Amino acid sequence: VSGRGAGKERFSVVGRALPKIDAWAKVTGDTKYADDFFLPRMAYGKLLRSPLPHARIRGIDTARARALPGVYAVITGRDLPRVKFGILPVSQDEEALCVERVRMVGDAVAAVAAVDEETAERATELIEVEYEALPPLMSIEEALARPEVRIHEYGDGPNVHKAVSLEFGDVEAALAAADVVREDVFFFQGNTHLPMEQHAAVAWWGPDDKLTLWSSTQTPHYVHRLLAKILDVPQPHIRVIAAPVGGGFGGKLDPFAHEIAACQLSRLCGRPVKITLTREEVFYTHRGRHPVLMWIKTGFQRDGRITGMHFRSWLDGGAYGSYGVASTFYTGALQTVTYTVPVYKFEGARVFTNKPPCGPKRGHGTPQPRFAVECQLDKAALQLGLDPAEIRRRNLVRPFTKTANHLTVTTVGLGECIDRVVEASGWRRKRGALPRGKGIGLACSAYLTGAGTAIYWNDMPHSGVVVRADRSGGVAVLCGATDIGQGSDSVLAYLVAEVLGIEPKDVRVHAADTDLTPVDLGSYSSRVTLMAGTAAIQAAERLRGKIAEAVAKKLGVAPGEIVARDGRLFVEEDPDKGVPFAEAVVLGESMHGVLASPGSYAPPKRAGKYKGGGVGPSPCYSYSACVVEADVDEETGVVRPTQVWVAHDIGRALNPLLVEGQVEGSIYMGLGEALMEEQVFRKGVHKIPSMLEYKSPTTLETPEIHTILVETDDPEGPFGAKEAGQGPLLPVIPAVANAVYDAVGVRVDEVPITPDKVVKGLDLQRQGKPARVGPERLPVFTFPAPRMVESAFGQPAEDVAVRPFAS
Amino acid sequence: VKTLVTLTVNDEEREAYVPVHKTLLEVLREDLGLTGTKHGCELGECGACTVLLDGEPVLACLVLPIECQGRRITTVEGMAGGGRLHPLQTAFAELGAAQCGYCTPGVLLTAQSLLARSGAPTREEIREALAGTLCRCTGYTKILDAVELAALRMSGRGASAARQGAER
């Protein structure tokens, strides 16, 4: 049976610029986000949050709040099981409501459920908390310099959450053999996701002692698992439903205080409870981009080839672990996937501070090193007299090989991406030749298509799908994947429709409900299209096999002669001989009984055999190249990008419209990070916890974006597809920095590139000093002795497409 | 103190008995069940709650219902008429201008007001008009494209543009 040919022309649905299946609901206001749920008798909850960045809790008195008319329940951490939790098994350091200590402004200490939001808020104001202030540690330097003030008792040293050191091959020797060695220091300020939707959760702990939670979460499965632990309730009695998410970008990947408090309040007051965060609370909830200080030492041959790299990163983690251990490894993992780095050493440390915890934001841990590497490459190109595009071209990773740190790379479209943006932007004509104040910059990147390992160790599928067909001819897809606007529901519909030879409109998708849908790990690491998509294809192919068998029997042919296309199942060699899809389903159900087929996906097991080898592996990697053209106002220091060209190796564009949308959104978000977005603090307090003051680009600051899609048809991807949602963000930020240098000769080695930094650089330039603005010092810190691992650089990729559950 | 307000929402007369300080945003969502209007900040900063008041965009989080009595309020639920979507809604759906969709109602209504004023706005004029409605997903590109496509179709020059639009 075959509905799938080799070439593009064989596809019926794949490759078409179709609207998303939920587009109509979204343009009519019909989509129900978590805060749009209004249940009968529903109470409204509010959290009381710490006003201090670091303090011991002496006591909490809730009596006055309880006495307020209209209040149904008031809880503190003592009303919850005394168990700490965290998204990663190695960092169980969070409490929904802090009991003994608060570690940041915004830590929740109590929660109220009341008849309405206003009453709930008034009740929180009546709760009396006695704090004993502790010294706040607000920066990496401060946290390392004051070991006597410990934010947590665990970790790899006082206020050091995680310290890692890995060496793949003899880096000293490689640097010694280089013609040119560069050492550079960079800083990437933290920033936040700023989803348009404020997080919301509705919990209903019913009289049957079963709990249902509707939440704006990107990971209903992990929330499901962790709620059982946090609330000490059997997991089968909990149902988590991810409502359509109004923007995630990584900010809705952890279990949060408001979700847990809503559940417990509902249990106590016997009503559904809704908690919606205010915008200010969203800034505290955070889990966004880590501020990262970086030192990078790279050896180059005269022809521009990299001989080896030594990379150090210090991450400002904030008050809790969150995904931080993974973030730390990610700052070191993908340097080798983007370019050829034959030997490589990585040292990284994540430090606790009294700020909202950082975690995964679009690109998770990789935009910061990307910025450092790409800016350094431009400096090296200048030093070697090479075109920045050429130095990158000379360091392309060979397809189907392993990297120094044992990552398996499959298809590599980066060369074509570079050529395409160079061509489209007029790079050769413009670079170094635009009038002063106008510049052009280039940078590249690689990114995972799905994390190769789960957050908790297991041998089960990372994604599961059930496709069922009923005698009406209707097809339903059940999958735990969570649509956060990227279109994952639509992709499932397209792929199932493609395999079954029907239209996406004929497919209904039911997603992200732990009672009804097989587990998918969640919308993170750009994993859903590849993992849920591959599982969906498998499920649909199995279903098609059953139906085709019945059709073949009726037509008196072999099942292998039957194809599914254009809403029919028919004999490929004799297309008139066939039946409409609905009739085929009836034949299938008559032969097999109920038609429902599962599909499972787990990535190939390729993690390097060393500690830390679990972060970085992916079935395949996307590649992007980006050129930014920008104007720099020498008087004000304002940088205005005027045009952006991006070429993205998507493997295959399952729907070019959706891919473009992901690329454009990535470029926009990258520009915001490059030029204005920053999560900064003063005297222990968030400086700008509002949408007005936290600057993000509007229509006026977002330039025209020219997207070029490069298809490499990766054997690991569903019909060859790779990711699009994160990779294209990465090169934008260094491309802006490189454009600023091209425009005015100022190197801003610090993100965001705000006007004051540009002006400072221009001042230095006028004084005849090196026109560089960026970090001058590195923290005093000793990394652990490196774990020595042999470099796997250049070894052929093994076991491509050999993975669990594949047959 | 509660008061009875009478509002004309999407050409229907609606009544609500609400505290005088409750915002139009809250009344629309909580009392009238019109949850298509979204909130992103409740401080007048993000544009997500934009509705039309006598055809002009206003931020529902900064408007009190008592100010709106006797005036026409249009929410996203009122954009489609007689079972037909507004051309902006169709264009937004076809071109992928709504990703997470959370800013979409506010953007659509702001664009509707623009197209009512100016039949064939330039891309720069569209940028100006939409500068107050933040979107974190799309990079605005497909939003601008969709407003242009809708304008083209509404001007009557859009017969071929309709066919050229993405497949439905």
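This is a predicted model: local features need pLDDT of at least 70, side-chain atom pairs count only at pLDDT 80 or more; totals for chains, interfaces and linings use all residues.
How many salt bridges does a search of the whole structure find over all chains? The search finds 64 of them. About 4400 Å² is buried between chain B and chain A, and eight salt bridges are found across their interface.

**Interface of chain B and chain A**

- The contact involves 54 residues of chain A and 48 residues of chain B.
- Carbon and sulfur atoms account for 56% of the area of about 4400 Å² that the chains bury between them.
- The rule finds eight salt bridges across this interface.
- A salt bridge joins A:Glu704 to B:Arg127, with 2.6 Å between the closest N and O atoms.
- On the side of chain B that touches chain A, the elements giving two or more residues are α1, α2 (87-95), α3 (104-117), α4 (123-130) and α5 (141-157) of chain B.
- The most residues on that side, six, come from α2(B).
- By class, the side of chain B that touches chain A comprises 20 nonpolar, 14 polar and 14 charged residues.

**Second largest pocket**

- The second largest pocket holds about 1300 Å³ of space.
- Its lining consists of 48 residues, of which A:Lys46, A:Glu117, A:Glu118, A:Glu121 and B:Glu26 are the closest to the centre of the pocket.
- In chain A, the elements that give two or more residues to this lining are β1 (43-49), α3 (117-126), β12 (273-276) and α8 (279-285); in chain B they are β2 (12-19) and α1 (24-31).
- With six residues, β1(A) provides the largest share of the lining of this pocket.
- The lining of the second largest pocket has 19 charged, 18 nonpolar and eleven polar residues.

**Cavities**

- Nine cavities of 30 Å³ or more are found in a search of the whole structure.
- The largest cavity contains about 200 Å³ of space.
- This largest cavity is lined by 19 residues, and the closest to its centre are A:Glu94, A:Glu95, A:Asp107, A:Ala257 and A:Arg287.
- At least two residues of the lining of the largest cavity come from each of α7 (257-269) and α8 of chain A.
- Eleven nonpolar, five charged and three polar residues make up the lining of the largest cavity.

**A salt bridge within chain A**

- A:Glu94 and A:Arg287, both among the residues closest to the centre of the largest cavity, form a salt bridge through their side chains, at 2.8 Å from N to O.
- This pair connects distant parts of the chain, as the two residues are 193 residues apart.
- A:Glu94 belongs to the loop between β3 (71-76) and β4 (101-102) of chain A, and A:Arg287 to the loop between α8 and β13 (292-300) of chain A.

**Backbone features of chain A**

- The peptide bond that joins A:Val751 and A:Pro752 is cis, with omega at about 5°.
- A:Pro752 is placed in the loop between β32 (750-751) and α20 (755-766) of chain A.
- A:Ala512 is not a glycine, yet has a positive phi of about 55°.
- The loop between β21 (507-511) and α16 (528-555) of chain A contains A:Ala512.

Technical notes. Residues are numbered from 1 along each chain as its sequence is written. Chains are lettered from A and ligands numbered from 1 in the order in which they are written. Side-chain values use heavy atoms; hydrogens and water are left out. On a 1 Å grid over the protein atoms alone, a cavity is a set of points where a 1.4 Å probe fits but cannot get out, and a pocket is an open set with protein on both sides within 12 Å along at least five of seven lines; lining residues have an atom within 4 Å of a point. Grid points are joined across faces, edges and corners, and a volume is the space filled by probe spheres set on the points. Helices (H or I, at least four residues) and strands (E, at least two) are DSSP runs, numbered from the N terminus. Ala, Val, Leu, Ile, Met, Phe, Trp, Tyr, Cys and Pro count as nonpolar, Asp, Glu, Lys and Arg as charged, and the others, Gly among them, as polar. Contact means heavy atoms within 4.5 Å. Buried area is the accessible area (1.4 Å probe) that two parts lose on being put together, summed over both. A salt bridge is a side-chain nitrogen of Lys or Arg within 4 Å of a carboxyl oxygen of Asp or Glu.
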